[in-house]
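Work through these exercises with the model open. Each task is followed by a stepwise solution.

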Amino acid sequence: MTEQSVLLLRKQLAELNKNPVEGFSAGLIDDNDIYKWEVVIIGPQDTLFEGGFFKAYLTFPYDYPLRPPKMKFITELWHPNVAKNGGVCISILHEPGEDKFGYEKPEERWLPIHTVETIMISVISMLADPNSDFARQRRRWQRVALQRSPLESRGFIRRTK
């Protein structure tokens with residue numbers, strides 16, 4: 001644990017408790033672990049999710065804010081940017097820097113200025129406006145992975161020409 005990440009996360013939690021943001025609530029899963037948060041998102045109006053309550057976990061790395069947290073929905077829902085296991089795939093939560101597939105610009109990916117509030121606003125926006133281009137790309141990569149052997153798809157072996 002780094003003292004900087006602990007202080008920053010405590011500050012963000014205190015700010016959210018003092019000034020709640022419409023559309024979600026956030027808190028610690030365990031009061032003794034600042035790196036594991038539980039969030040509840042209220043389904044955005046005029047969407048298929050309207051009126052729903054969607055629970056998710058945010059798990060922060062020890063070198064936060066240099067690297068993004070991971071987000072996983074615990075409440076089951078179907079969305080093109082949410083994996084079957086609940087993992088959230090949204091640009092703001094992708095590692096900083098260049099996208100090796102050329103899909104995202106560096107400024108769309110994780111930046112250390114992001115907070116729990118900016119993450120949650122982005123996720124709420126994602127629920128209201130799914131990225132169907134991403135869903136098509138994900139399906140394409142899944143088809144490619146299915147064509148490879150299980151060891152290849154996990155990176156243990158590579159085909160040679």
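A residue counts as buried under 20% relative accessible area, as exposed over 50%, and as partly exposed in between. By that rule, buried residues make up 37% of the 161 residues in the protein. The model is predicted.

**Exercise 1. Confidence**

Task: Find the mean pLDDT of the protein and the share of residues that reach 70 or more. Then examine residues 148-161.

Solution: 
- Step 1. The mean pLDDT is 85. The share of residues at 70 or more is 81%.
- Step 2. Residues 148-161 have pLDDT below 50. Leaving out near neighbours in sequence, this stretch has 10 contacts in the model.

**Exercise 2. Fold layout**

Task: How many helices and strands are there, and in which pattern do they follow along the sequence?

Solution: 
- Step 1. Count the elements. The protein has 4 helices and 4 strands.
- Step 2. Read along the sequence. The pattern is α-β-β-β-β-α-α-α.
- Step 3. Check the contact range. Take contacts between residues at least 6 apart in sequence; 48% of them join residues at least 24 apart.
- Step 4. The accessible surface is about 10,700 Å², and carbon and sulfur atoms hold 54% of that.

**Exercise 3. The largest nonpolar core**

Task: Which residues of the largest nonpolar core touch the most other members? Which element gives the most to this core?

Solution: 
- Step 1. The core has 34 residues. Those touching the most other members are Trp37, Ile41, Leu58, Met71, Phe73 and Met120.
- Step 2. Two or more residues come from each of α1 (3-18), β1 (24-28), β2 (36-42), β3 (53-59), β4 and α2.
- Step 3. α2 gives the most, with 7 residues.
- Step 4. Zoom in on methionine 71. Beyond four places in sequence, its contacts include Ile41, Leu58 and Met120. Gly86, Gly87 and Val88 are also among them.
- Step 5. Nonpolar side chains tend to be buried together in soluble globular proteins.

**Exercise 4. Arginine 109**

Task: Is arginine 109 buried or exposed? Which backbone oxygen lies 3.1 Å from a polar atom of its side chain?

Solution: 
- Step 1. Arginine 109 sits in the loop between β4 (70-73) and α2 (116-128).
- Step 2. Apply the cut-off. Relative accessibility is 9%, so arginine 109 is buried.
- Step 3. Find the polar partner. The backbone oxygen is that of glycine 97.
- Step 4. Residues touching arginine 109, beyond four places in sequence, include Ser91, Ile92, His94 and His114. Glu95, Asp99 and Glu104 are also among them.

**Exercise 5. Annotation and backbone geometry**

Task: Which residue does UniProt list for "active site"? Where is the cis peptide bond, and what is the phi of aspartate 46?

Solution: 
- Step 1. The unreviewed UniProt entry lists Cys89. Cysteine 89 is in the loop between β4 and α2. At 22% relative accessible area, cysteine 89 is partly exposed.
- Step 2. The cis bond joins tyrosine 64 and proline 65, with omega about 15 degrees. Proline 65 is in the loop between β3 and β4.
- Step 3. Aspartate 46 is not a glycine, yet its phi is positive, about 60 degrees. Aspartate 46 lies in the loop between β2 and β3. Its relative accessibility is 74%, so aspartate 46 is exposed.

Key. Residues numbered from 1 in each chain as written. Predicted model: local features only at pLDDT ≥ 70, side-chain atom pairs only at ≥ 80, totals over all residues. Heavy atoms only, no water. pLDDT = per-residue confidence, 0-100. Contact = heavy atoms within 4.5 Å. Buried < 20%, exposed > 50% of the residue type's maximum accessible area, 1.4 Å probe, protein only. Polar contact = N/O pair within 3.5 Å; in protein donor to acceptor, adjacent residues only side chain to side chain. Areas by Shrake-Rupley, 256 points an atom, 1.4 Å probe, with all protein chains shown as cover. Core = buried A, V, L, I, M, F, W, Y, C linked by side-chain atoms within 4.5 Å. UniProt positions renumbered as here; feature names shortened; annotations may be inferred.
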